[in-house]
Amino acid sequence: EDQMSKQPDRRAEERYLVNADAACPFVSPVAQDFGNARIRDVSMHGIGLLVARRLEMGTLLAVVLENKARGFSKTVLARVVHVTPTAGGFLVGCTFETPLSYQEMSSLVL
């Protein structure tokens, strides 16, 4: 018997086995942390970010959106669709892979 099977299960929620239709066709680490970004503007379908380093068009980013005062935090996937040099960095326009809901949008900005 290996060590793993002796470890108590510390998961907070029960996990479920999946059926044959459930799949995970792609897994990839986020290759690089670009550090903090400032949000310039946001819609349910995309976001404008001010970043220090240039990003390539088509790059897929994991973006953490949060509004601590409202207890809102969500990680979204966003694809870079345009890059514009600005003073001190770059304005990067991205489209969300899955649009934000109106409720998520409200929790972030209102």
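Biologist: Let's start with a charged pair: which residue forms a salt bridge with Glu 66?
Modeller: A salt bridge here is a side-chain nitrogen of Lys or Arg within 4 Å of a carboxyl oxygen of Asp or Glu. The closest N and O atoms of this pair are 3.7 Å apart. The partner of Glu 66 is Lys 68.

Biologist: Thanks! Before we go on, what kind of model is this?
Modeller: Residues are numbered from 1 along each chain as its sequence is written, and side-chain values use heavy atoms, with hydrogens and water left out. Local features need pLDDT of at least 70, side-chain atom pairs count only at pLDDT 80 or more, and totals for chains, interfaces and linings use all residues, the model being predicted.

Biologist: Back to that pair: is Lys 68 buried or exposed?
Modeller: Buried means under 20% relative accessible area, exposed over 50%, and partly exposed in between, with a 1.4 Å probe and protein chains only. Glu 66 has 42% relative accessibility, so Glu 66 is partly exposed. Lys 68 has a relative accessible area of 69%, so Lys 68 is exposed.

Biologist: How many salt bridges does the structure hold?
Modeller: Another one brings together the side chains of Arg 40 and Asp 41 at 3.6 Å, N to O. Arg 40 is exposed because its relative accessibility is 52%, while Asp 41, at 40%, is partly exposed. For the structure, the number of salt bridges is four.

Biologist: Arg 79 is in a salt bridge too; what is its partner?
Modeller: The N to O distance in this salt bridge is 3.5 Å, between the side chains of Arg 79 and Glu 97. The pair links distant parts of the chain, 18 residues apart, with Arg 79 in strand β4 and Glu 97 in the loop between β5 (89–96) and α2. Both are partly exposed, because the relative accessible area is 31% for Arg 79 and 41% for Glu 97. The partner of Arg 79 is Glu 97.

Biologist: Let's step back to the fold. In what order do the elements run from the N terminus?
Modeller: Helices (H or I, at least four residues) and strands (E, at least two) are DSSP runs, numbered from the N terminus. The protein chain has two helices and five strands. Their order is α-β-β-β-β-β-α.

Biologist: Which strands stand at the edges of the sheet?
Modeller: The open sheet has five strands in the order β1-β2-β5-β4-β3, with antiparallel pairing; strands pair if DSSP finds at least two bridges between them. Each edge strand has a single partner, so one side of each is left without a neighbour in the sheet. The edge strands are β1 (38–42) and β3 (60–67).

Biologist: Is Ile 47 buried or exposed?
Modeller: Leaving aside neighbours within four places in sequence, Ile 47 is in contact (heavy atoms within 4.5 Å) with residues including Ile 39, Leu 65, Val 92 and Phe 96. Its relative accessibility is 4%, so Ile 47 counts as buried.

Biologist: Finally, what percentage of the residues in the protein chain is buried?
Modeller: After α2 (102–109) comes the segment that holds Leu 110, and Leu 110 is exposed because its relative accessibility is 61%. The chain has 110 residues in total. The buried share is 26%.
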